[in-house]
Amino acid sequence: MLSYYFSLALHSLKRNRVLTALMVLAIALGIGASMTTLTVLHVLSGDPLPGRSGSLYYPQIDPRDMNDYGPNVEPPDQLAWTDGMYLLKAKRASRQALMTEGMVPLQPTESNVDPFQTSALYTTADFFPMFGVPFQFGQGWNANEDEGKARVAVISASLNDKLFGGGNSVGKELRLQETSFRIVGVLGDWHPNPHFYQLYMGSYASDEDVYVPLSTSRDLKMEHDGSTDCWGNTGGDQDNLERVNCTWLQFWVQLDKPADVEAYKSFLTHYSQDQHAMGRFERPPNVRLRNVMQWLDYQHVVPSDARLQTWLSVGFLVVCLVNTVGLMLSKFMRRSAELGVRRALGASQRALFGQLLMESGVIGLAGGTGGLLLAMLGLWLVRQQPAGYASLAHMDVSMLLATFTLAVLASLLAGVLPAWRACRITPALQLKAN
Amino acid sequence: MQIRPIITALRRHRLATLLIAMEIALACAVLCNACFLIMGREQRMKLNSGVDESSLAIVQLTGFDNAMARDLNARMLSGLAAIDRVQSVSVINTVPFGPQAGANGMSLDPAMKQINAVIDFYLGGPSSFQSLGLKLVAGRLPQASDYVSLSNVLPSSAQVWITRSLADHLWPGADPLGKEFWSGGHYRVAGVLEHLAIAQPGSRGQYSVDWSVFVPAQPGPFLTGSYLLRARPQDISHVLRDVRAAVAKVAPDTVLDMDDSKTISEFRYAYFENDRAMARVLVGVIAALLLVTALGIVGLASFWVQQRRKQIGIRRAIGATRGDILRYFQTENFLIVTMGIVFGVLLAYALNVMLMKAYEVTHLPAAYVATSAIVLWLLGQLAVLGPALRAAAVPPVVATRSV
């Protein structure tokens, strides 16, 4: 039955090539535009660490003074040194890492490469196992090396390619800020997007090239970039960040069970209470504990332009669909005579309805194929754009399937009303008219 | 032209008429708002930074020891000034559209209980005020004695030059000269500038794009590594090209940050790249939208012409001219589009209210609605012209044939 409807649909579509082409084009344009923007949105709002992100949490506490205090004020986005070190050393989570970012001058040992600036993450030992960072060679450093301010570094695969031609560089020397570091590990494929653990240097495609212990970076007064938010009047001297009233560190913890999350939250509250009682925190306890996806949502990581574009293209798709409804209506109504004959020969209204819907479905499939090609073109155009996330805009299997599903569903939806109108004809009247 | 028979005919095709009108309405709503968004972006890109962008460039160094700052500044100032065709060199912390630096909360009371504004502090060494080309609207120019030395990121007290926009925000209606405010220190207003955009204009909202303060400061450990070059607009890119060699000669122990050493025009171009991209996308959406709408009208009008061949033949046979038939379809189209526009205007304002909630968008001006209406009327007439001409070409003899 279905194959008969299918051949009928093809036959009828061939008869009215212009009208068919117009419908397919409308669906293709609408689907192409919406799938382009939806794919961008899908890539941007993706989970950076699937399977792991649910148990990673970002603790926030509020150490500020009473200026600008009010109900429902969010605690600062980062931690001060004192609090960060306390939470790190307390080890109340199964793993925890404190981090911040900066640019360091790198002086290659080969004299044929000019010294250059490279982005670095200053962090602590648990960073690598907690985020499941893959290693090509070697491994991360351990807690003793954190304690001992060891001159060790982990480098990215791309820096390893640039400096050592992709070979095993573990044990080799790396000169950062005129100081010699020993390479202990080379990362594998590590490009979490969004760059969730450190959003200050760009949310997308902003991987660091060098990782060194936080204690070492402070010992060598390595440059700290990103945001430093201060209160009171201690100033924000970059060389004295340990002592000033500023938040500038990010802290992540791994909490595996829901009970652990509750326990950690009350630990943060107790710590805030103690600090409040001691007079260091002027504000009453104000803590938050968000997981990766909640944190990304709270930080509005997805650019508002991407959302606006998605809404625009969905609006465009609706216009295209209304257009297709109109065209299908005219196409189906033109076939009154043919449908009248079929009714008179015994086809039920349901059968006619099914046949007409099949025709819309075929249009949807053709439109989906066109839409897919247009979406590919659209994504290529997006990749030519300057935004940091542009290079990530690629179609994946789920979006490919979604394209066809959306196209067929949309065209079926567009076909329902015209098909219903067309199959309600009175056969006798049509036969007489002819 | 009689409208009554057309309306009667449209009543018989209520569904199709309604669909086309709805399509026009949606197109109208999206068109108005998309045009409005484009103009908003254009407006943003026209931002007046208050400095002579085309003749300025900034050179940034890193990887030096802060203890050597005084010596480095002296070497760099003389080294850069020696480059051919450079007009002036000065030390400055950042420039409009350059890297973020010196943003701080400020208050009108010494205890800083309430923050009145978050502003950008431009710290500039001798001659930077003149190099930037800042326009003074009140007060005096900075003098040699105004350049304070820094013992922290911001000076503990200084004479400062603020923008008119910031002055209006802090002291509406009052003369800002001589007024005081507090931030990292205690500051007194010595002059008012026409414009000086913050380093990342728009990053703290559209109202604060011009909330900057210029502080004359002596180069030293807290103001070093970033140099403002001035040359004639046609020379500036040549000058910047020669900087690499000059830095290699006078400060070989430092790293020249090529990413952040650019002309201000280049910084500006890069800064608005996203706005330009967004405007391009919006133009694309508008073009596609108009195309689809036109195709829809063509499709449906062709269908109606074909359906009414016999009626057209009869009308022609009883005396209607080709012009009458043509005008019939044109008037019909005008009526449908008008209906669509009426709904479209309501929809456009509804969409505008939704956009205002989520984005920095103001009320949709009526001019956009009027322009969109005219565009859609013209589009409708253009789209229907082909089918209408085909209708007008139907010979009267059709009336005598049975189809």
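Trainee: Which residues point one way from E1(A), and which the other way?

Mentor: Leu56(A), Tyr58(A) and Gln60(A) point one way, Tyr57(A) and Pro59(A) point the other way, and all are buried. In a regular strand the side chains alternate between the two faces of the sheet. This is a predicted model, in which local features need pLDDT of at least 70 and side-chain atom pairs count only at pLDDT 80 or more, while totals for chains, interfaces and linings use all residues. Residues are numbered from 1 along each chain as its sequence is written, and chains are lettered from A and ligands numbered from 1 in the order in which they are written.

Trainee: What makes E1(A) mostly covered?

Mentor: A residue is buried if 20 or more other C-beta atoms lie within 10 Å of its own, exposed if 12 or fewer, and partly exposed in between, with C-beta atoms placed from the backbone. In E1(A), residues 56-60, five of the five residues are buried.

Trainee: Why is Gln177(A) called partly exposed?

Mentor: Gln177(A) has 19 C-beta neighbours inside 10 Å, so it counts as partly exposed. Gln177(A) lies in the loop between strand E6 (173-176) and E7 of chain A, and its phi is near 50°, a positive value in a residue other than glycine.

Trainee: Why is His300(A) called exposed?

Mentor: His300(A) counts as exposed because it has 11 C-beta neighbours inside 10 Å. Its loop runs between helix H9 (292-298) and H10 of chain A, and its phi is also positive, near 50°.

Trainee: What makes the bond between Asn193(A) and Pro194(A) worth a remark?

Mentor: It is a cis peptide bond, with omega about -5°. Most residues other than glycine have a negative phi, and most peptide bonds are trans. Pro194(A) sits in the loop between strand E7 (179-187) and strand E8 (210-213) of chain A.

Trainee: Turning to chain B, why is Asp175(B) called exposed?

Mentor: Asp175(B) has 12 other C-beta atoms within 10 Å, so it is exposed. Asp175(B) is in the loop between helix H5 (164-170) and strand E7 (180-182) of chain B.

Trainee: How do the radius of gyration of chain B and that of a compact globule compare?

Mentor: Chain B has 32 Å, whereas a compact globule of 403 residues would have a value near 22 Å. The radius is taken over C-alpha atoms, and the globule rule is 2.2 Å times the number of residues to the power 0.38. The C-alpha trace spans about 105 × 50 × 30 Å along its principal axes. Chain B is divided into domain 1 (4-46 + 274-400) and domain 2 (64-253), with C-alpha centres 54 Å apart; such bounds come from an automatic or database domain assignment.

Trainee: What makes a set of residues a nonpolar core?

Mentor: The members are buried Ala, Val, Leu, Ile, Met, Phe, Trp, Tyr and Cys residues joined through C-beta atoms within 7 Å. The largest has 110 residues, of which Ile27(A), Cys28(B) and Val30(B) touch the most other members. Elements of both chains give two or more residues to this core, including H10 of chain A and helix H2 (14-45) of chain B. H2(B) gives the most, with 18 residues.

Trainee: How many residues does each chain give to the contact between A and B?

Mentor: Chain A gives 40 residues and chain B gives 36. On the side of chain A, H10(A) gives the most, with 19 residues.

Technical notes. Helices (H or I, at least four residues) and strands (E, at least two) are DSSP runs, numbered from the N terminus. Two residues are in contact if their C-beta atoms, placed from the backbone, lie within 7 Å.
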